[in-house]
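Visitor: I would like to learn how to read a protein structure, one feature at a time. Could you take me through this one slowly?

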Amino acid sequence: GIEVSIEPSPEAVAMGLDIESIAPDLLIRFVNEINRFNGLYVSIDGHRIINTTAIRDINGRTTVNTAPLQTPPFTIKIVSGSMENTEKLYNHLMSSTILDDFYIANLSVVIADPVEKLTVEAYDKDIDYKELQKGEGS
């Protein structure tokens, strides 16, 4: 797997800028960049991402599954099915232009080297299957 740290950019810290939470649209774009590879398990700041996960702004705070993210730094953990896929994802992220978008937002992305074993937190909420159940007349 890969551990990605989202941190305040060194320039923003040196200039004394206030570090704000990551914008939901930027985080969504980063997750979409990760999702280009199949069979991945992802957690953001300890919150597991599943197909129905909502990343949005609630009262001015970026949330994942309605839980607010902490102000950077925080980590994103990504686990794939094989070391080969992990290395492909690592190379893709290292060359991705989305890293520039983080820099524009006064954030830096530190991508750790791929490791053989990494644990992603479990999803800790109930999953509502009502919408998936077959209704009458269907």
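**Reading the sheets, the core and some contacts**

Guide: Let us begin with an open sheet of 3 strands, whose order is S4-S5-S6 and whose pairing is antiparallel. Strand S4 (55-58) and strand S6 (67-68) stand at its edges with a single partner strand each, so one side of each is left without a neighbour in the sheet. Please keep in mind that this is a predicted model, in which local features need pLDDT of at least 70 and side-chain atom pairs count only at pLDDT 80 or more, while totals for chains, interfaces and linings use all residues. Residues are numbered from 1 along each chain as its sequence is written, and side-chain values use heavy atoms, with hydrogens and water left out.

Visitor: What are the labels for helices and strands, and what does it take for two strands to pair?

Guide: Helices (H or I, at least four residues) and strands (E, at least two) are DSSP runs, numbered from the N terminus, and two strands pair if DSSP finds at least two bridges between them. In general, strands of a sheet pair through backbone hydrogen bonds, either parallel or antiparallel. Here, S4 and strand S5 (residues 61-64) pair in the antiparallel sense over 4 bridges, and Ile55 stands opposite Val64 in S5.

Visitor: In what order do the strands of the sheet of 5 strands come?

Guide: The order in this open sheet is S3-S2-S7-S1-S8, with antiparallel pairing. Strand S3 (47-49) and S8 are the edge strands, each with a single partner strand, so one side of each has no neighbour in the sheet. Direction ignored, neighbouring strands of this sheet are turned by 20° against each other on average; for such angles, axes are lines fitted to C-alpha atoms, for helices over the stretch in contact, and angles run from 0 to 180 degrees between N-to-C directions.

Visitor: Which strands does S1 pair with, and how many bridges join them?

Guide: Strand S1 (residues 2-8) pairs with S8 in the antiparallel sense over 5 bridges, and Ile6 stands opposite Val109 in S8. S1 is also joined to S7 by 5 bridges, again antiparallel, and the bridge partner of Glu3 in S7 is Lys77.

Visitor: Which strands does helix H2 touch in the sheet of S1, S2 and S7?

Guide: Contact means heavy atoms within 4.5 Å, and in this sense H2 packs on the sheet by touching S1, S2 and S7, its direction making about 20° with that of S7. H2 also lies across S4 and S5, running at about 170° to S4.

Visitor: How is a residue judged to be buried or exposed?

Guide: Buried means under 20% relative accessible area, exposed over 50%, and partly exposed in between (1.4 Å probe, protein chains only). Glu11, in helix H1 (residues 10-14), is partly exposed, because its relative accessible area is 37%. Val79, in strand S7 (residues 74-79), counts as buried, because its relative accessibility is 17%. Strand S8 (residues 107-111) is mostly covered, with 4 of its 5 residues buried.

Visitor: Which residues touch the most other members of the largest nonpolar core?

Guide: In soluble globular proteins, nonpolar side chains tend to be buried together, and a nonpolar core is a set of buried Ala, Val, Leu, Ile, Met, Phe, Trp, Tyr and Cys residues joined through side-chain atoms within 4.5 Å. Of the 28 residues in the largest core here, Val4, Ile6, Ile22, Ile44, Ile76, Ile78 and Phe102 touch the most other members. H2 gives the most to this core, with 5 residues.

Visitor: How many aromatic pairs does the structure hold?

Guide: Rings of Phe, Tyr and Trp (its six-membered ring) pair if their centres lie within 6.5 Å, and planes under 30 degrees apart count as stacked, over 60 as edge-to-face and the rest as tilted. The structure holds 1 aromatic pair, formed edge-to-face by Phe30 and Phe102, at 5.5 Å centre to centre and 85° between the planes. Phe30 lies in helix H2 (residues 24-34) and Phe102 in helix H4 (residues 98-104), so the pair ties together parts that are 72 residues apart in sequence. Phe30 counts as buried at 0% relative accessibility, and Phe102 is buried with a relative accessible area of 0%.
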